[in-house]
Structures are given as C-alpha cells and as structure tokens.
Amino acid sequence: MVKKRVAVIGAGITLFRRRLQETGKELSHYAVEMALDSAEMTRDDIESVVMGTAPDAFDGIHMKAENLLDGAGGARKPYTRVFVGGGTGVFAPIGGWWHVASGLFDTCLVVAEEKMSPCYPHPQTAFRTIWDPIITRPLEPNLVWIFALEMQRYMQIHNIPKEHIAAIAVKNKGNALDHPSAQLAAKITVQDVLDSEVMVWPVQRLDISPPSDGAAAMILASEDVARKYTDDPVWLDGVGWSLDSAYWTNRDLYFPEYVATAARMAYKMAKIHNPRKEISLAEPYDPFDYKEAHHTEGLLLADKGGAPKLTVEGQTFRDGDQPICPSGGLLGVGNPIAAAGLMKCCECFWQLRNEAGKRQVPKAETAVAQAWGDLMQIGTVTVFRR
Amino acid sequence: MSFEKIRDPRRVRHWKGDMECDYIYTAGIAGEKFFTTIRDKAKLLATRCAKCKITYLPPRIYCERCQASLDNWIEVPKTGTIETFTTVHMDNNGAPLSKPITLAFIRIDETDGGLIHEIGGTKPEALKIGMRVEAVFQSKSKRTGALTDIKYFKPV
Ligand SMILES: [Zn+2]
C-alpha cells in the first residue's frame, strides 16, 4: 500500500569517461552536490540515502557501498545499498521510493556510482566469476558471447537484418552529441557499424557501449515536502521489478519476459493502460543496440520483433512519435553500470521538467526508464509523470 | 537430501577456481595532492570545512557533514597523539609472527582525522594511550608517494 506519493525534485550527474582520476567517493560527491544544488537543498534536508552500485569487483573494493558512503552523503544517516547487478541504476530509485512511499522518510537521496577502470586491463575480467561454477564456467564465458547468443536468436526469430539493429547505435550515438556528460557521442552511419570490428558475431565494436566511470544522483521527496521546494515536481508514479530463473536454458532468449512483468507492475501502479499511447518517451537499457529493441518490446512499446523498424522509420528519434533514448543512452553517453541506469531516470526528470535543453522532446508528459542485469534476467522499471 | 558432513570436498565431484582480478587504483583528486606532497616534501596536508569546523586528514575534496566542496588546503604538523594501539602476534592465517608488530591509531595534531600506522623506535610495553608521537619518513630517494613513505611513528 502506497502511503505517500513520491516526487523527484533534483538530479545530478558527472561526466562519463573511460578512466577518471577521481575516486568513487569523489565521483559520488560531484553528483550529490549537483543534485542538492538543483533542488536548492542542503544535506541537512536529506533524511535517508540509498546507494546503488554494481559488482564490487569493478571498483575492486569489497563492500564498496560502505566505502562510498561519505562521498555519497550517507554519513550519520540511514544509508542502504541496493544491488541487482546491471539493473541497479533503476533499482536505486525504486529503493528510494520504498523509503518515501512507505511514509518512513520525507526525503531520500538516491546515488549511483560505478568506477569500472580500476579492474585492469579490462573490467570484463570481473564477469568471469558471475557464472555458475559447475554448469557454465568450464566454458569460460564472457559477457559479449553470451549476448551474441541472445542477439542471434532475437534477430533470427524475427528475421531482423543487422542494418536495422545498427540504426539504433547510429541514433543513440547521435543523440549523445547533445548530452554534456557523453563519452562516445558521434555522428556515424549504419555502414560504420557494419564495418566495425567483429567481436563475437553478430556483435561488432559499434554495437556495444563502452566501460566507463561516473556517478549520478536524484532527490526524492514526499508530496507535501516536495511542494516546499518546487512548484514543478516530477512524480515517480510507478515502480516494477522482476527476476527470471538463473537458468538460461529454461527460458526463450528472444523476449525479455522479466522486463514485461516489471513493466506491467509499474504501469498498473501508474494507472497506464495503453503504454504506446500514454508514454511520451522511453529510456530502455541499451548496453548493446539490439538490447534497446529487445527492451522496448519488453516495455510493451512495440510488437515482438517490431522495435528495430521503429528506428529505421524514424519514429524513435526525438521528434518522432515514440522517442527512445533521447539522452543518447549507454551507447552514446557511456555505461558506468549503475550510474548509467540512474542517468536514464535523470533524463526522464529533465525531460519532464523541460530542462533537457537540446535533447528536449516536445510535449513530454510521461516517461519510462528501464535497466536490466543481474544474471541477464532482471528487469527494473520506473514510470515518471509531470 | 544428504546431511552428511563433507570433511574433504575433494572426495566428491568438485572443481577448483579463483576470483582473482587485477586492479590499478588511483588516489583521486585529494589523494594525488596528499601523496605527492608526502613524497616531495615529507609534509602532511589536510582540507578544512570552515562551516563545520572539521579538518580532514586524510584530506577530502568534500565535507562529509555538509557535502560542500572543499579547496581549503592547509599544512598540518607531522605530530600526533596515540588514541589507541595494539600488538599483533599472529599473521592472518594464525601463524605466529617472528617479530610482533605494534600498530596505533594516531590523531594528527590540528586535525579531526588521523592515520593508522606502525609504531617504531620504542618497545610495545612503553606505549600508552595519549602518548605523543611523530611521523618518521623514508629518505627522499625511497619515497614513492604512498602511505608507506611514512616508515612509522615514534615517540617524541
Ligand atoms: Zn562542512
């Protein structure tokens, strides 16, 4: 039972970069300070703090949320870490929502941090041990080839040409040109994607987002407290999350059922009956170009197999009927895992406040953000409304 | 279900593995300045939040109480007071150390912080909480810009 309606009243974000000199604490501080300033709040106004940060193995600090605490504004406050792997960035505001919607706190500072660069030479090493040690690890999987299997099945089942998938990378890297934090903004063509280095077929270099360092923050408040700080709150009206079996072999990879389950939960809570008509813009998780399409379908914003065509036809561009990833997404802005998910929620906030500058989508009323991760079987969904 | 206790996991189907990862950690914006100053000048730097009246050592670029960004850097003495100490007789696997190590938490003068470090130049039996100590730095050629550039703290 929801006791209090939850508003978003501030947001902040650092640069996303391949390697930053700052420690994770320092990155968290920059994002928090920006969020507090944007809400015209001080740390004293914050009653609780939720930290979202993905595997400890990236930063190389076990229990890293505890390490990040003072930079994230958590000292001497009720401070909680939430963690669902790659889905963490959108799960963190869901954790913040619990704090406020329950009536336990009137304000909650939500922070997400990821510093992937300490893991050297490449953070991919950290993924070696996420697999079941008996069933999967003997084959020495890496994430890219696991995704290649999923991408292959998705494309084959729906008969989707690679060109249509590549169009998504072109759109997102282009959108990121207008994002001040972006790491990999670029004007590229479908041909550039098709000509890029083959990593694990069908995944090529330009199909994939880069590892990054970065942090993001968001301030949530109960309705009455939000009104004291702003005349222009954005409402976090729906939250949903769902995990499927950890056994890949017990599900069909062509459709993310767990995202659909999470989306239905969030839409129901936000009283959204026809998401395709009612959602003004979406920020689905796009660590790979095909994942944006996969997740757009999971969010029930396109028919199964129908999402790539929306981009080919231009409908998912900012001036189209169904803008998708107007931020530039992970493909363009960068992918510091948890911070990337929260970046998507921040984008929804800025869009709904008409503060997205050159990225602004016309008539933005309702927005949905989604992340995905854990053992590739969680969907986390938040619905925002102005 | 088998409730039989397995005394040796190698007697059932098993696989060996590890969770090794290699890392390169950066000191951060505050750490870079703190450690290069130790390396080049054998001096300790702190940052101060005037509003909260807190001096941070190790220095931070933010105040953990008010979250303001801090750029008020000050040099502080290399002396301090032992807040607490202990003597380690066993290594992390429980094996006895040939030479016990004495460690202390030292509150650095003029700061609200401090360092945990080794105590040298005295016998453990001589130590007391409240005792005054000072940092002994490695010679300049041996300093690399790390915590171990301080060899130990010794009684003043
Ligand atoms: Zn302060």
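Q: In which helix is A:His294 found?
A: Helices are DSSP runs of H or I with at least four residues, strands are runs of E with at least two, and both are numbered from the N terminus. A:His294 belongs to helix α11 of chain A, residues 289-298. This is a predicted model, in which local features need pLDDT of at least 70 and side-chain atom pairs count only at pLDDT 80 or more, while totals for chains, interfaces and linings use all residues. Residues are numbered from 1 along each chain as its sequence is written, chains are lettered from A and ligands numbered from 1 in the order in which they are written, and side-chain values use heavy atoms, with hydrogens and water left out.

Q: Is A:His294 buried or exposed?
A: Buried means under 20% relative accessible area, exposed over 50%, and partly exposed in between, with a 1.4 Å probe and protein chains only. A:His294 has a relative accessible area of 0% and is therefore buried.

Q: With which residues is A:His294 in contact?
A: A contact requires heavy atoms within 4.5 Å. Apart from neighbours within four places in sequence, A:His294 contacts A:Glu150, A:Tyr154, A:Leu253, A:Tyr254, A:Phe255 and A:Pro256.

Q: Where is A:Glu22 found, and what does it touch?
A: A:Glu22 lies in the loop between β1 (6-13) and α1 (24-39) of chain A. At 14% relative accessibility, this residue counts as buried. Beyond residues up to four places away in sequence, A:Glu22 touches A:Leu27, A:Tyr30 and A:Lys115 and, in chain B, B:Thr26, B:Gly28 and B:Ile29. A:Glu22 and A:Asp213 are 191 residues apart in sequence, yet their C-alpha atoms are 9.1 Å apart in space.

Q: What does the radius of gyration say about chain A?
A: The radius of gyration is taken over C-alpha atoms, and the globule rule is 2.2 Å times the number of residues to the power 0.38. Chain A has 14 helices and eleven strands. Its radius of gyration is 19 Å, close to the 21 Å that the rule gives for 386 residues, so chain A is as compact as a globular protein of that length. Buried residues make up 63% of chain A. Among its contacts between residues at least 6 apart in sequence, 76% join residues at least 24 apart.

Q: What does the radius of gyration say about chain B?
A: Chain B has one helix and eight strands, and from the N terminus on its elements run α-β-β-β-β-β-β-β-β. Its radius of gyration is 21 Å, well over the 15 Å given by the globule rule for 156 residues, so chain B is more spread out than a compact globule. The C-alpha atoms of chain B fill a box of roughly 65 × 40 × 35 Å along the principal axes. Of the 156 residues in chain B, 33% are buried.
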